[in-house]
Structures are given as C-alpha cells and as structure tokens.
Amino acid sequence: MPKILVINPFPLDEAGVARRAAQTGHVTLDADTELVFRPVKFSSISFMSPHDWLLMDLGIYEAGLTAEHEGFDAVVIDTMSDSGMAALRSVLSIPVIGPGKASMLYAMTLGAKFSVLAQWKPALPRYRKVIREYGFERQCASVRSFDVEPDFVNLTEGKEDATFPTMLQVAMQCVEQDGADVICLGSTTMHQAAEYLAERLPVPLVNPGPLSYKLAETLLGLGLTHSRKAYPAPMVRKDALVHDLVRAGAAHLDG
C-alpha cells in the first residue's frame, strides 16, 4: 500500500491540517493509497521574502528528514514554493514532489504558455524567483495577483462570494490579455476555488496539490525517483543538528 507523506508548511492545528487535507477531494487516487498530512514544527508566518524562504526550507526539510526511515514511499511538499524539496531529495531515495515545478511542467503538457494566479502582490517575487530558477520564463505568459491577503489557516473559507469572482476576473485577464493557454493556481491554499474556476475558465486549470498526489502515485507505479546525479547525497549528514535547530525554533515561537 503506497504511503505518502504530505508536509504542510505551517505549524497548523488539527482543523488547519484538515482544511489542507480537503485537497484530496479534487483527485481520484488508488483505493490503497494512504496520505498522511504532517504540519511543520516551525516556520515563518509568510512566504514573502528570502528571510521567510530560508525558514520554510529548514522547517519542511526537518519534517521530511525521517520519512524514508518511517516507512513512507514518497513525500509531497504542500506549497508552490517547493521549499525544502532539493534538500530532501539529497537525503531521501524515495520520490519528493514539489507542486510548484510539477504544476508548471504539467501545464506545459496542456498548452504552450501558462499563467500563475497568485494570491497577493507581496508574493510575486517568490513566483518570479521559482520561474527564473526553473527556466520557465519563455513558457510563462504572466503572474497576476488577485491581491487578497492570504489566510494560511482558514484559507478562503467564509470569503468565497467575494473572492472567487475576483480570482476568475484576474484569471481571465491572464487568458485574454497575456495569452495564457493554461492557468496554474499559485498556492495549494487556493484549492477551495478550483472547481469554481475550472467550470468557468475557457482553458485548463492546474490545481497543484491534487496534481502532486497523483504524480507521486505515478512515480511509484513506474518505479521512478529523482536523479542522484542531480541531487547528490551529503558527505556527512547533520540530522541531529537540524532537529535541534527546529526544536529550538519551535520553542522560540511558543515562548
């Protein structure tokens, strides 16, 4: 039975984890696939700056560090920033999926150009960074924000009537003004709007979280994982140091 660890990028409570786990309702998985959702012990409060990216990398890396030893068959990172993905690939032999790269690559199998629908303007540098690092500048028609401050715990719950039409309006600008053939949701937190948008857009919509679950299943079914040549193993692992740093960080947040 495939067992997949999904790492939530914030130290969420049980209700917060459940809201993220609701992404499974947007995809049909094999009956014997088990998804285990695990929040990080510590992180920043946003994804808006290099300072935040560093803390996210560390928190997510620590949360997945022991996944292979725990018996998981794959790891999925529950954020379009792909935080911690490269580091986890260097220490794990099981597949590690980041929905940012996965969703953009998948979008390019469906069309010639994609746009990313971002939550708010302060997040735009993060998307530009990822697109630049992955070499997707030519295939990316645009990154547009519907400029609503994100709620990483409650997501869009209770704000659907106001937020969903605004998201659709901005996504249509990506299609009509920027030439996008495909729209990528810019965050796994947007999954609650996926059905609304997909029914109204004239182009395909890629929902990154559910896509990454299915991709993990596919890689396992094909017996594939990341290249050790691209992600070399460390000469000396510092697992205890990483766990100590995160424990100290978590204690600081609680204090």
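Four bridges tie strand β1 (residues 3-8) to strand β3 (residues 74-77), and the two run parallel. Within that pairing, L5 has V75 as its bridge partner in β3. Two strands count as paired if DSSP finds at least two bridges between them. The strands themselves are DSSP runs (E, at least two residues), as are the helices (H or I, at least four residues), and both are numbered from the N terminus.

Before going on, a word about what you're looking at: this is a predicted model, where local features need pLDDT of at least 70, side-chain atom pairs count only at pLDDT 80 or more, and totals for chains, interfaces and linings use all residues. Residues are numbered from 1 along each chain as its sequence is written, and side-chain values use heavy atoms, with hydrogens and water left out.

**The sheet and a helix across it**

Back to the strands. β1 and β3 belong to an open sheet of four strands, in the order β2-β1-β3-β4, with parallel pairing. Which strands stand at the edges? They are β2 (34-39) and β4 (96-97); each has a single partner strand, so one side of each is left without a neighbour in the sheet. Helix α1 (residues 14-21) lies across β1 and β2, and runs at about 135° to β2. That angle is taken between N-to-C directions on a scale from 0 to 180 degrees, using lines fitted to C-alpha atoms, for helices over the stretch in contact.

**Salt bridges**

Side chains of opposite charge can pair when their charged atoms come close. A salt bridge here is a side-chain nitrogen of Lys or Arg within 4 Å of a carboxyl oxygen of Asp or Glu, and by this rule the count comes to nine. Here are some of them:

| Pair | Closest N to O distance |
|---|---|
| E70 and R38 | 2.6 Å |
| K41 and E62 | 3.2 Å |

The E70 and R38 salt bridge links distant parts of the chain: E70 sits in the loop between α2 (50-64) and β3, R38 in strand β2, 32 residues apart. E70 is partly exposed at 34% relative accessible area, and R38 is partly exposed at 22%. For these labels, buried means under 20% relative accessible area, exposed over 50%, and partly exposed in between (1.4 Å probe, protein chains only).

In the K41 and E62 salt bridge, K41 lies in the loop between β2 and α2 and E62 in helix α2, so the pair ties together parts 21 residues apart in sequence. Are these two buried or exposed? K41 is partly exposed, at 46%, while E62 is buried, at 5%.

**A buried arginine without a salt bridge**

R89 lies in helix α3 (residues 85-91). R89 is buried yet has no salt bridge; the nearest side chain of opposite charge, D82, is 7.6 Å away. For charge, Lys and Arg count as positive and Asp and Glu as negative, with His and the chain ends not counted. What does the side chain of R89 reach? The backbone oxygen of V96, at 2.8 Å. Leaving aside neighbours within four places in sequence, R89 is in contact (heavy atoms within 4.5 Å) with V96, H226, R228 and Y231.

**A buried threonine in a loop**

T189 lies in the loop between β7 (182-185) and α7 (194-200). At 6% relative accessibility, T189 counts as buried. T189 and M80 are 109 residues apart in sequence and 9.5 Å apart in space, C-alpha to C-alpha.

Methods: Polar contact = N/O pair within 3.5 Å; in protein donor to acceptor, adjacent residues only side chain to side chain.
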